[in-house]
Amino acid sequence: MQRRRFFASLGLATAALSALKGQTAAAATTPSRADTANLPGNLDATAALYHYLQRIAMLDRQGPQLRSIIELNPDARHIAVALDAERRAGSLRGPLHGTAVVIKDNIATGDRMSTTAGSLALDGIEATRDAFLVGKLRDAGAVIVGKTNLSEWANIRSSRSTSGWSGRGGLTRNPHALDRNTSGSSSGSAAAVAAGLAAMAIGTETDGSITSPASINGIVGLKPTVGRLSRDGIVPISHTQDTAGPMARTVADAARLLGAIAGSDPNDPATLNAPPPDDYLAALDPHALRGARIGVAREYFTEHDEIDGEIERAIAQLAALGATIVDPIQLSKVGYGNEEQMVLLHEFKHDLPMWLTTFAPHAPIKNLADLIAFNDAHRASEMPFFAQELFVQAQALGDLDSDVYRKALAVCAKGARDDGLDHAFRAHQLDAIVAPTGGTAWLTDLVNGDSSGDSFSTPAAVAGYPHLTVPAGFVRGLPVGLSFVGPAWSEARLLAYGHAFEQATHWRRDPQFLAQSSVPPLGGSV
């Protein structure tokens, strides 16, 4: 099934490498060590593509076998060649012209790649058309190198799931320590960017699926305000909380990518009342934190002394850069988790059939009941490690006019906005709130599932507000992220704060692809 399809695309990539080799060998040589050394700024699209295809061949299916790329784009070389011809003719489409981008495999591409959400139920299914944001990427001159692996169905299938695993793509491995988890669900996007397999990536988030893998893989991730980017073409979980967002090694690259894909779309009503996008690149200012009022959400610290110590160091840096630190602020831990899950399960059951009808009418499944039956019939390949009890729960629920759904939606809105973030922003007159994004990467455990602990993703996710994570140090070789959360439509401000912090610290490091995390052995005698 997908294994054959991937290797067919790998064969096309090998042919592309051969075709490109004569043109680009001098400009893009195989890296002498497995790091993410930045490309020279003068490489054209074909040379950059050659560089990234080399790294994918060397790191993703060979060497450390990250398995972050689920499928390569057989048309990437032709796209790169055409963009280089435009460049030579003096025509540039914008700051993404010729940039290599990978996108999560729950975002529709109307090309020869599949769109599957990692599920074998959609293996080989080509979407009827591009998602709106994919069209904007193409118009901006991006080279879509391939689709990235993910936690299957964006991690809505089981409460005992292993993040980064899908039936179609297998398990994505953390490039900092291969025995550690990538977090989910944008696991492949985060790992690919961290490992230097593409310049940047698109992820999606319902609650933590951009910010957590970005933090755990040591990169920048932005979950925008719901409505800043069109969700058209994204395999849905929740029309209340879903959004796509940029993932990159620097805040500037995240700003470039956001600027290319932001905008209104008649197919997504949430975008129609959004204010016009800002110039996110122009907003970046190394002095942006001067005079900013930054609140510290102590309730969301991890209680792990080393992780919280890194965040204390980061907060001291914010103060040194001129921010007024309000510490602590009143922002209680989330108490509406059950209601949030109820909203997600109701909306997933309702929204999935509409996506299938529009983007995959030729698929063998038409709704959630069909998907459950498919997984039951293919248990060995689809459920070798964990089940689908959340699917079963969702299928048993009523429609969106049910009292259960409406009450859960109201509880979430009040908890996340009125009594949560909105109250904190007003009470303390804050420009942004900071906290640890979450813990460090946990050991991957296919028996017991994830052991991730708490994170700071839920308040912004449920409120629909923007959330930026930036690299903020390491604990025993594992990355730690610092979160900036702001009011609706404050992406430019958050990116400016993150950029100022990043430029003052430069705390991101390239992964070393260690076989296991650098934790000293247990003491005692044998």
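These legends go with a handful of close-ups of a predicted model. Local features were taken only at pLDDT of at least 70 and side-chain atom pairs only at pLDDT 80 or more, while totals for chains, interfaces and linings use all residues. Residues are numbered from 1 along each chain as its sequence is written, and side-chain values use heavy atoms, with hydrogens and water left out.

**View 1. Helix H8 from end to end.** H8 takes in residues 305-320; helices (H or I, at least four residues) and strands (E, at least two) are DSSP runs, numbered from the N terminus. Its 16 residues, at 1.5 Å a residue, should span 22 Å, the expected span being 1.5 Å times one less than the number of residues. The end C-alpha atoms sit 22 Å apart, so the two agree. After the helix comes Gly322, with a positive phi near 105°.

View 2. Which residues of H8 are buried? They are Ile307, Asp308, Glu310, Ile311, Ala314, Ile315 and Leu318, where buried means under 20% relative accessible area, exposed over 50% and partly exposed in between (1.4 Å probe, protein chains only). These residues cover an arc of only 150° around the axis, which puts them on the same side of H8; the arc is that of the directions from the helix axis to the C-beta atoms. On the face turned away from that buried side you'll find the exposed Asp305 and Ala320.

**View 3. What covers the buried residues of H8.** The cover includes strands E9 (293-296), E10 (324-326), E11 (432-436), E12 (467-475) and E13 (478-485). Helix H15 (491-505) is also part of it. Contact here means heavy atoms within 4.5 Å.

**View 4. Two cis peptide bonds.** Gly184 and Ser185 are joined by a cis bond with omega about 10°, and Ser185 lies in the loop between strand E5 (170-171) and helix H5 (187-194). Pro328 belongs to the loop between E10 and helix H9 (337-359).

**View 5. Trp153 and Gln429, buried or exposed?** Most residues other than glycine have a negative phi. Trp153, not a glycine, has a positive phi of about 55°; its loop runs between strand E3 (143-148) and strand E4 (165-166). Trp153 counts as buried because its relative accessibility is 2%. Gln429 isn't a glycine either, yet its phi is positive at about 50°. Look for Gln429 in the loop between helix H13 (403-428) and E11. With a relative accessible area of 58%, Gln429 is exposed.
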